[in-house]
Amino acid sequence: MKEKGLSKRTVTILVILAIVFVCLAIAYNYFDLNKKIPTDFGERSGSEEDSSGGKVGIVIAPPEIEDKGSVDNVSG
Amino acid sequence: MSVDKTQLIGYIAIIVIILSLASIGMKFTGFATTTDAGRVNITISSAAAINFTTDFVDFGTGSVSTGQPNATVDTEGTLTGGTGWSGANNLTLENIGNVNVSVGLKSSKLASTFIGGTNPEFKFRVINDSEHDSCVGGDAWTYTEFTLADDTVCTNFPFADDRDEIDIGIRLVVPSDSSSGTVPLTAVITATGTYS
């Protein structure tokens with residue numbers, strides 16, 4: 001006579017599956033794997049104008065003046 | 001009525017499986033099978049961005065030679081009528097944006113306030129040496145006097161990597177009666193990139 005309801009073998013399989021799914025559910029929630037990944041990065045705002053600065057530097061020393069004089073040695 | 005333990009465990013297992021699946025977000029829907037496409041949205045707007053990658057020209061210390069009315073020094077190695085000043089490097093301007101721009105150049109000072117003296121000159125010119133054809137259009141291939149307002153030196157300054165750099169040469173004519181001293185004289189050069 002055929003057994004009514006679930007067979008022992010089916011129940012064993014169901015129990016194993018239940019354990020596996022419980023483990024999966026715990027891992028899934030623990031590692032937050034159901035978090036939605038944002039796929040809309042929005043719009044990068046563009047600018048129509050940009051500036052940059054540079055600098056020019058110089059030191060202007062007074063002109064070197066050469067003046068060749070002579071010293072007279074006057075002896076009395 | 002007697003309860004079969006094996007049957008009870010089996011049904012509890014089924015309930016546990018359903019609850020586990022529900023907790024990870026599985027839902028029963030009317031769809032047997034379906035395909036769907038994911039989509040990633042990003043919009044990149046045009047952005048003008050320029051940068052002086054070499055932003056300082058330092059001629060150092062020097063003087064006009066005795067008897068000379070003036071001295072000329074530039075960033076291309078010229079030094080006449082003076083001593084001491086070194087041929088500094090050119091300024092280098094790079095288009096770091098993602099769109100071609102027009103470039104305007106101006107200075108914070110005119111030659112008369114920067115150097116002083118009789119007939120001073122404070123000039124620049126655009127040099128395409130490092131990357132050919134970087135600067136298209138414009139009127140500053142020869143030395144041109146700086147002004148306080150933007151002078152358009154390139155009507156089209158590309159952003160492509162092999163054409164996004166220009167050198168800017170600087171030339172000064174220092175009169176013998178110009179401001180002198182030990183304090184460095186400085187002028188700020190501003191480049192403005194615009195796209196429309």
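Thr190(B), in β13(B), is the bridge partner of Gly53(A). Strands are DSSP runs of E of at least two residues, and helices are runs of H or I of at least four, numbered from the N terminus; two strands pair if DSSP finds at least two bridges between them.

The model is predicted, so local features need pLDDT of at least 70 and side-chain atom pairs count only at pLDDT 80 or more, while totals for chains, interfaces and linings use all residues. Side-chain values use heavy atoms, without hydrogens and water.

Turning to the interface as a whole, chain B contributes 67 residues to the contact and chain A 43 residues, with contact meaning heavy atoms within 4.5 Å. Between them the chains bury about 4400 Å², 59% of it on carbon and sulfur atoms; this is the accessible area (1.4 Å probe) lost on putting the two parts together, summed over both. Of the area that chain B buries against chain A, 11% comes from Gln7(B), Ile17(B) and Ile24(B), more than from any other three residues.

What does α1(B) give to the side of chain B that touches chain A? Its share is 12 residues, the largest. Overall, that side divides into 37 nonpolar, 27 polar and three charged residues, where Ala, Val, Leu, Ile, Met, Phe, Trp, Tyr, Cys and Pro count as nonpolar, Asp, Glu, Lys and Arg as charged, and the others, Gly among them, as polar.

Notes. Residues are numbered from 1 along each chain as its sequence is written. Chains are lettered from A and ligands numbered from 1 in the order in which they are written.
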